[in-house]
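Please examine the sequence and the structure before reading each solution.

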Amino acid sequence: MSIYFLSDKHLGMPAAKRKPKHEARQARNDVYRQHIFAAAEQVFAERGFEATKVQDISALVGLSMGTIYAVFSSKEELFRAILEERGRELLQLARDVVHRNLPPRETLHALSEAYIEYFVAHPDFLRMHLREGTSWVLSPTTGADGRAQLWKAIHDLQTDIFRRGVSAGVFINEPPSFLAKLFSAMDQVLLAEWVAGGMKADRLQLVQRLQGLVGRAFSAAPQRSGAASRVTSRRAG
């Protein structure tokens, strides 16, 4: 089944009558988009971008090739759309944490937990992203302008956390941008190891490990007992 996008002129009916049909078609396309996203993440995670064929995604999602191409013009566009949409979600997540206005150390612990929770909830996206082989420390290369802007926005938020922490004397005295990149590297290495090990550790174990690493690596002074492993919100389960 293929989806064709018709103009109001071609529909040949009053605007008031066209609107419900347009909204229904848009709602259907949105549903298709989410199903295609989920299937594509799984196939990209298992096979990688180069080995993946749109036919593989079509077979998994149960939609025709025509339907998929009506929503995404190419495999490249679909891959890029996934990375950008997930990037926007991660950016919003980071903004939500920063807007809590916690002290720098607590903000960094909360951000560590939020990142872990997000990737544990989206394991196919994590595996797909790791398969791409891109360092989370470096901005996406030329040709990925949207992703580069998202990366910069997230990096700037992290840098500001470290800037406040260095100024307050709670983080080691290093350039905040450098510390923000170290934090991203620690997050990526921890999650890559989790995937390589069969994703056996649960959310709480990962959160505690990342928070412990962050506390030991960035704190300017010894922390109170248990602070490095404190989970800042709900526990697993």
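**Exercise 1. Determine how many salt bridges the count comes to.**

Solution. A salt bridge is a side-chain nitrogen of Lys or Arg within 4 Å of a carboxyl oxygen of Asp or Glu. By this rule, the count comes to twelve salt bridges. The model is predicted, so local features need pLDDT of at least 70 and side-chain atom pairs count only at pLDDT 80 or more, while totals for chains, interfaces and linings use all residues. Residues are numbered from 1 along each chain as its sequence is written, and side-chain values use heavy atoms, with hydrogens and water left out.

**Exercise 2. Describe the salt bridge between Glu-85 and Arg-33.**

Solution. Step one concerns distance: N and O of the two side chains are 3.8 Å apart. Step two concerns position: Glu-85 belongs to helix α5 (residues 75-98) and Arg-33 to helix α2 (residues 15-47), so the pair, 52 residues apart, links distant parts of the chain. Helices here are DSSP runs (H or I, at least four residues), and strands are E runs of at least two, numbered from the N terminus. Step three concerns exposure, where buried means under 20% relative accessible area, exposed over 50%, and partly exposed in between (1.4 Å probe, protein chains only). Glu-85 counts as buried because its relative accessibility is 15%, whereas Arg-33, at 24%, counts as partly exposed.

**Exercise 3. Are Glu-117 and Arg-203 buried or exposed?**

Solution. Begin with the salt bridge, in which the closest N and O atoms of Glu-117 and Arg-203 are 2.7 Å apart. Glu-117 lies in helix α6 and Arg-203 in helix α10 (residues 203-218), 86 residues apart. Both residues are buried.

**Exercise 4. Describe how helix α6 packs against helix α8.**

Solution. Two packed helices are described by the angle between their axes and the distance between the axes. Axes are lines fitted to C-alpha atoms, for helices over the stretch in contact, and angles run from 0 to 180 degrees between N-to-C directions. For α6 (residues 104-121) and α8 (residues 145-168), the angle is about 150° and the axes lie 8 Å apart. This makes α6 roughly antiparallel to α8, a term for angles over 145 degrees. The contact (heavy atoms within 4.5 Å) involves residues of α6 including Leu-108 and Tyr-115, and residues of α8 including Ile-154 and Phe-162.

**Exercise 5. How many helices and strands are there in the protein chain?**

Solution. The protein chain has ten helices and zero strands. Of its 237 residues, 41% count as buried.

Conventions:
Parallel < 35°, antiparallel > 145°, perpendicular 65-115°, else oblique.
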